[in-house]
Each structure stands twice: as structure tokens, then as C-alpha cells.
Amino acid sequence: MFQTINNKILGIIFGVLLLAGLFLFFFDGGKNERTFREVLVDIDTSKVSEILIYPKSQNHKEVKLYKEKEGWRVTLLSGRSAKVLNDRISNLFTQLIAIRPKRLAARDESKWNELQVDSTGSRVKVFEGSKQTLDLVVGRFSFQQPRTMNTFVRLYNDKDVYEVDGFLDMMFNQGANIFRDGTVIKSDHKNWQQLQFVYPADSSFQLVSSNNGWLLNGMPTDSTKTINYLTRLANLSNSNFIDDVKIKPTDSPTFSLNITTKDLQFIEIKGFKDSTSFLIHSSQNPEAWFDGSSLSSTIFAGKSYFFAK
């Protein structure tokens, strides 16, 4: 009988200790708050109106993304703004929503610097109207086998540091240009009828689509080389933006490529070259100017390119 009573007492004591342990594990100092947050990001993406990013790679200079009726825009260092691609914003939201704690990496400030979630980290603020709904510090990443990338993060007003899935630096430790519309040409080359290359002196020529392939000034071109060129050209983008431009799109270019589609759409690429620079402007992305030092050879091919050697 005494043995049964002792077992009952031991069972009760064990139960009390277990409950106390669980309480201490999940709650902090009797404040009725969970020490391990299951949710770090709680935003309504349909209501987000502004995102401020302070990337460590840019010395924490502010990158401001804001929503207008026409879509999203990003503020540049010059004070101007530029169009933001919809898929860039979608990807940003996808990464934010995917931020979920995997483990608690630190409980106080002692490891903040090591994990780069102090002032050295990239900071992200999200606003829904006038209400700030997220303030997050993105720290260093960690690599684990097999090929797993994780990132340390901290809510700005919290001491706890969490490890989460993903390489967040790819999105939140970049300058404004990563969000900009880098379209130079985006079109289906199978719908192209004619390409007119306007070059200095007498080097201009035309590529015209025919039933049997493409003709350059009436001469059949090498089909493989021509299709390779058209394929590269049809989905051409660039992130080497030039913002301090004194040239106007209406000025006479040094080089130009005029594409006419079968449904009579018109795409114009202009190249402005002088002794110090080569600038590219596209009618498909009129507010952007690009550094043409690498783009020019892709766009402005010579006659000889289209023929077999």
C-alpha cells in the first residue's frame, strides 16, 4: 500500500516538474509570451504600400520601393524614380512570406555581431499605409549540407535571433537596380518580318523574313547563325543602367536597329557613341538608358556575322 502511495506521489511530482519545464520552455519570465516565435512575418501583401531596405552592401543607404496606381517604383540615389518589374515585387513578397523560424540561434545580444543581425545587417521595413507591419534585420547566411542555405534574422525590437531557410542576401542585400525594369527587347522573333540596321557610312543593311529563311539585302543568310542572333535579341535585358544622361531619345543616334513585326508593331533600339561612352535606348523601355559597352555587340551585328565563314 505504501509502495502504491509512493508511486502516486512520485507520479504527481514528475507531472508537476514536467509542466513546469514546459512552461519555462514556452514562456518567458511569466510574461505569457512564447520564447520561440512561430511567426516572424505577418503582412498582408495586398495592402503593402511601401518597402524600405537598407542593404549592408550599399552602406545601408535606403532603397525605397513604393506603390502607385500604375505599379511599383523604386527611388534612385539621384532622387529620381524608376519602374519596378512586377515579378521582382512578387519574388520579394514570396521571400518575405517564406521566412519562418527553423531554430532559435541566440537569445541575447552576445551573438548579434557574429550573426550580423546588429547594425551590420541589412534592415527591411514594410508599411501597409501608415502602419509599419514589419521591421526585420537580415544577417549572415550559413551553408549546410546537403546544399542548404540558411539566413540568420532578428525582429528589430526583439533580442532573439532565428535561423530561417533561404539565401536572403540575394534579395535584401542589393541596390535599387536589382528591382528595376531591365528590358531592352522582349518580343517573339518568330513574329518579326524585318530588321533594319542603320549604321554610319555605307554599312547599313536589312534582314527580311522569307518563306525559306532570312535574306540580307536579298541574299540568303546562314540559318543557324541568324536564328541564334534573333533568339538572343528577342529576350534581351540588362542591369547596367546609366541615369545621368544628357542625350534625348529624339537625338540622332550613331547606330540604330528597327524591328518591324508581322502585325506591324515597331521596336527601335538606338545606340549613341562618342569618345567616352556608348549608350543604348529602347522604345520598349523608354525611361531607361543602358551602358552599351557590353550590349552593343549583341545588338548591332555586322553583315559578315550572318554568313557562314
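**View A. Helix 5 and its cover.** The buried residues of helix 5 are covered by, among others, strand 10 (183–186), strand 11, strand 13, strand 15 (235–237), strand 16 and helix 6. This is a predicted model. The buried set of helix 5 is T226, Y229, L230, L233 and A234. Around the axis they cover an arc of only 125°, which puts them on the same side of helix 5. An α-helix has 3.6 residues a turn, so residues three or four places apart point the same way. The end C-alpha atoms of helix 5 are 16 Å apart, which agrees with the 16 Å that its 12 residues should span at 1.5 Å a residue.

View B. Eight strands make an open sheet, ordered 14-13-12-11-16-17-18-19, with antiparallel pairing. Its edge strands are strand 14 (219–220) and strand 19 (289–291), and each pairs on one side only. Helix 5 (residues 223–234) lies across strand 11 (192–198), strand 13 (213–216) and strand 16. It runs at about 90° to strand 11. Helix 6 (residues 292–299) lies across strand 11, strand 16, strand 17, strand 18 (278–282) and strand 19. Its angle to strand 18 is about 60°.

**View C. Strands 16 and 17.** Six bridges join strand 16 (residues 255–261) to strand 17 (residues 266–273) in the antiparallel sense. S256 has K270, in strand 17, as its bridge partner.

**View D. The loop around I242.** I242 sits in the loop between strand 15 and strand 16. Is I242 buried, partly exposed or exposed? Its relative accessible area is 27%, so I242 is partly exposed. Beyond its neighbours within four places in sequence, I242 is in contact with L279, W289, F290 and D291. The C-alpha atoms of I242 and G292 are separated by 9.6 Å, with the two residues 50 residues apart along the chain.

View E. Strand 3 and strand 4 pair antiparallel over three bridges. Here R73 stands opposite K83 in strand 4.

View F. Strand 6 (residues 122–128) and strand 7 (residues 131–144) run antiparallel, joined by seven bridges. R123 has V137, in strand 7, as its bridge partner. Two residues lie between these strands in the hairpin, and G129 in the turn has a positive phi of about 70°. Strand 7 also pairs with strand 8 (residues 148–155), antiparallel over seven bridges. L136 stands opposite L155 in strand 8. Three residues separate the strands of this hairpin, where R147 takes a positive phi near 55°.

**View G. Helix 2, seen with its buried face.** Helix 2 has 12 residues. Its first and last C-alpha atoms are 17 Å apart, close to the 16 Å expected at 1.5 Å a residue. I89, L92, F93 and L96 are buried in helix 2. Down the axis, the buried residues fall within an arc of 95°, so they line one face of the helix. Their cover includes strand 1 (50–54), strand 2 (63–68), strand 3 (71–75), strand 6, strand 7 and helix 4 (169–172).

**View H. The nonpolar cores.** The largest nonpolar core has 32 residues. Which of them have the most contacts inside this core? They are I51, I53, L65, L92, L96 and F172. Helix 2 (residues 86–97) gives the largest share, four residues. Leaving aside neighbours within four places in sequence, L92 is in contact with I51, I53, L65, M171, F172 and F179. A second, separate core has 30 residues, including L233, I259, A288 and A301.

**View I. The whole chain, for context.** The protein chain has six helices and 19 strands. Of its 309 residues, 39% are buried. Among contacts between residues at least 6 apart in sequence, 57% join residues at least 24 apart.

Note on methods
Residues are numbered from 1 along each chain as its sequence is written. This is a predicted model: local features need pLDDT of at least 70, side-chain atom pairs count only at pLDDT 80 or more; totals for chains, interfaces and linings use all residues. Side-chain values use heavy atoms; hydrogens and water are left out. Two strands pair if DSSP finds at least two bridges between them. Contact means heavy atoms within 4.5 Å. Axes are lines fitted to C-alpha atoms, for helices over the stretch in contact, and angles run from 0 to 180 degrees between N-to-C directions. A nonpolar core is a set of buried Ala, Val, Leu, Ile, Met, Phe, Trp, Tyr and Cys residues joined through side-chain atoms within 4.5 Å. Buried means under 20% relative accessible area, exposed over 50%, partly exposed in between (1.4 Å probe, protein chains only). The expected span of a helix is 1.5 Å times one less than its number of residues. The arc is that of the directions from the helix axis to the C-beta atoms.
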